[in-house]
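Here is my note on the model, in numbered points. Please read it with the structure open beside you.

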Amino acid sequence: MNILIASSEAAPLAKTGGLADVCGALPKALAQLGHQVTLILPAYRSTKKYPSEPTGVELRIWIGGREVRGTYRKCVIPEIGVPVYLVEHDSYFDRDGLYNSNNEDYGDNCERFVFFSYAVLEAVRLLDLKTDIIHLNDWQTGLVPALQSIYYRDYPGYEKISTLFTIHNIAYQGVFPAAAMSLTGLHWKYFNWLQMECYDHLNLLKTGIVFSDGITTVSPNYAREITSSPGGCGLEAVLRNRRDVLWGITNGIDTDEWNPETDPFIEGHFSVETRGIGKLQSKLALQNQMDLPQRPDVPVIGLVGRLTEQKGFDLAVELIYRKAASGEDVQWVLLGSGDPILENRLRELASRYSQNVAVSIRYSNELAHQIIAGSDIFLMPSRFEPCGLTQLYSLRYGTIPVVHATGGLVDTVTDLTPETEADKTANGIRFCHADIQGITWGIDSALDVYRNRPELWSQMQDTGMTLDISWTQSAQKYVDIYQKIRRIRPRK
Ligand code: ADP
Ligand code: GLC
């Protein structure tokens, strides 16, 4: 099959979160299954440090009554392993951030991604890309299924193209004032509550859901959650309407990048067999790097993530204050950036309890690897989590995940219960309520096993480390769905 994947981020070229990890790794896995895959994304400033070549192909799009020009650049990134086209238009994309700077969204985000959406469809024609499926991701590409179904499908070469729309996070919907409808180039008749409108606004995520041939999200449990309130964030009825073509596929991980045996960022390399010594080296190196006392015996609890309401870092802060005030012998290492209020609370916490708490407010892939490798426990108190990747990385590194039982965390972390202990499938701890009681229970349960039941702890580490969480299985599920949606809608 010929698959064109369009995304607003893909690692290592441009990344703010897990969407980039997925769109950086899935293309390679699909290519390894024998498919022709092409990736397309905006030529942000961060992409410019990678080698690329001009295609010489010019792009002209009418947006809001004026012609906007751009070009495509082509590059091959070994990590991605498939051809990548970068849509170049510097005044839209050559900026500090991908979607915002200094925590403020760019005022022209709708226009930027309308342009990108047209550029995706035009690429089929202008770059002569044989295409059976266009696989879209999140609101930034939500207009593509509408443009394909309303305009492009009538043109030669587009008749047989099906669209799959993947929702990575329904909390971000690409909502813009009604007037933005005129940027899309689509007739105002589509601005109605069954199609592109939502509470008097243009909603690009809803547009993608309504017009695509199939919809996936990033775990089966999240696929269920978003069809009712509050998980659907207002789009639950829209999704229920499309239930017959909605599937959940759990993300895999890039096992080359996240491999404790070869990870270039960590101190002690290890496999299941050599975990003891290698993990201890990583732990001591992490303590050293974060200016914490270097002690093998103290449990280290790590957290890495975007500092937003979603990730529940505020709950972790409350828990850490309580634990540190009570003098409990635990070390905490936190890495994140985002909400400035939360950033300050984290800094205060670290300066007050510098012997137990280390905080780094920044984006650092290297430190993320080191925390995941060097911690004993990885805490994810997310209020909601479509899939989550850091708990999967933790499993691979023998770091026990303690997670709120929500979304993909339920599908990926097997909770310790008498049954899962007996059949040796337990690999983490899930707590049921994202509140201080819940998170305290989760961490205390994990600490109890860590301190008092070392054999069980080690067993859980082995179970996590040997789980198959590579992309191979999930990529095959995407292929099955591509095939299904090609059969569902009779093409013109
Ligand atoms: P989300 O996509 O909601 O942010 P995921 O768990 O799916 O959550 O993916 C987060 C990705 O971003 C992981 O690769 C994680 O390591 C990375 N990440 C998040 N915050 C940081 C940070 N401050 N520094 C480095 N990596 C980060
Ligand atoms: C989103 C979700 C996260 C998921 C990632 C990749 O950003 O918040 O749970 O893992 O997308 O699909």
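1. An oxygen atom of ligand 1 sits 2.6 Å from a polar backbone atom of G18. That is a polar contact, meaning a pair of N or O atoms within 3.5 Å; within protein, one must be able to donate a hydrogen and the other to accept it, and residues adjacent in sequence count only if both atoms are side-chain atoms. A nitrogen atom of ligand 1 is 3.0 Å from a polar backbone atom of S364. For L389, a backbone N or O atom lies 2.9 Å from an oxygen atom of ligand 1. Taken alone, ligand 1 exposes 560 Å², and the protein buries 94% of that. These areas come from the Shrake-Rupley method with a 1.4 Å probe; for residues, only the protein chains shown count as cover.

2. A word on the source. This is a predicted model: local features need pLDDT of at least 70, side-chain atom pairs count only at pLDDT 80 or more, and totals for chains, interfaces and linings use all residues. Residues are numbered from 1 along each chain as its sequence is written, chains are lettered from A and ligands numbered from 1 in the order in which they are written, and side-chain values use heavy atoms, with hydrogens and water left out.

3. Which residues are closest to ligand 1? They are K15, G18, D21, R306 and K311, out of 21 that surround ligand 1. To count, a residue needs a heavy atom within 4 Å. Strand β15 gives the largest share of this shell, 3 residues. Helices (H or I, at least four residues) and strands (E, at least two) are DSSP runs, numbered from the N terminus.

4. The domain bounds come from an automatic or database domain assignment.

5. Now ligand 2. Of the 14 residues around it, H168, N251, E385, C387 and G388 come nearest. A polar side-chain atom of Q310 is 3.1 Å from an oxygen atom of ligand 2. C387 has a polar backbone atom 3.0 Å from an oxygen atom of ligand 2. For G388, a backbone N or O atom lies 2.8 Å from an oxygen atom of ligand 2. Taken alone, ligand 2 exposes 300 Å², and the protein buries 93% of that.

6. Helix α1 supplies the largest share of the shell around ligand 2, 3 residues. Domain 1 and domain 2 both give residues to this shell, so ligand 2 lies between them.
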